[in-house]
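Work through the exercises below with the structure in view. Each task is followed by a solution in steps.

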Amino acid sequence: MIRETLRAIRVTLVLWILTAILYPAIILIVGLLPPLQYQANGSIITNNQEQIVGSALIGQSFTSDKYFWSRPSTTNYSSFTKEEFAPKKPENLTQRTGTSGASNFAPSNADLIKRIQLEINRWKEVGIQPTADLVYTSGSSLDPHISVESAKAQIARIAKARSLNPNQVEILLTKNIDGRFLGIFGEPGVNVLKLNLALDNLSASQ
């Protein structure tokens, strides 16, 4: 009985050292290596002035005609400021930065149908026949990507707003396409924040 108890204690201590000390320490050290620092620090994106503008992993909402628009989000990409989710606005408390998740509405839900119709109308008002990812939210509501097709549909609007040749915008778009993960998983997409930063750089160089 005593022998079995001591063995159980030793096994527990060994597993605790492996999983609570050694493994986290190894992961921390690996994350500090130069090739992985970008990912370990949150995939932070900066502009030409070295100002942090966001993360490559979390989408942002764009409304100006000068930018590519992202797909809709049930959490507004968790971008409310401290003032916006202050206690005086309890309806926004669940939408602080870091919150993710879909609406979980059924396809027959009246609120979901109304929201989708509003999105469709918004795109049609700017002369764009929306694709699926421009009217439906992602499972996390934080997806930073849109499909290549959705990005190409916006080229004419952006070129006109920025007084650019549509070919310039299309070439820029092509350069900013993210391919399939490991070449086989998922579909090619465009990171909207990265693409819009590239747009600003292009306009500034004209």
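**Exercise 1.** Which helix gives the largest share of the lining of the second largest pocket?

Solution. The model is predicted, so local features need pLDDT of at least 70 and side-chain atom pairs 80 or more, while totals for chains, interfaces and linings use all residues. Residues are numbered from 1 along each chain as its sequence is written, and side-chain values use heavy atoms, without hydrogens and water.

Step 1: a pocket is an open set of points on a 1 Å grid over the protein atoms alone, where a 1.4 Å probe fits, with protein on both sides within 12 Å along at least five of seven lines; lining residues have an atom within 4 Å of a point.
Step 2: 14 residues line the second largest pocket, and Asn47, Asn196, Leu197, Asp200 and Asn201 lie nearest its centre.
Step 3: helix 7 (residues 192–205) supplies the largest share, six residues. Helices here are DSSP runs (H or I) of at least four residues.

**Exercise 2.** Find where Glu119 lies, and state whether Glu119 is buried or exposed.

Solution. Step 1: Glu119 is part of helix 3.
Step 2: the relative accessible area of Glu119 is 14%, so this residue is buried (under 20%; exposed is over 50%, with a 1.4 Å probe and protein chains only).
Step 3: beyond residues up to four places away in sequence, Glu119 touches Pro72, Leu134 and Val135 (heavy atoms within 4.5 Å).

**Exercise 3.** Which residues are closest to the centre of the largest pocket?

Solution. Step 1: the largest pocket holds about 280 Å³ of space.
Step 2: 16 residues line this pocket, and Ser61, Pro72, Ser73, Glu119 and Arg122 are the closest to its centre.

Key:
Helices (H or I, at least four residues) and strands (E, at least two) are DSSP runs, numbered from the N terminus. Grid points are joined across faces, edges and corners, and a volume is the space filled by probe spheres set on the points.
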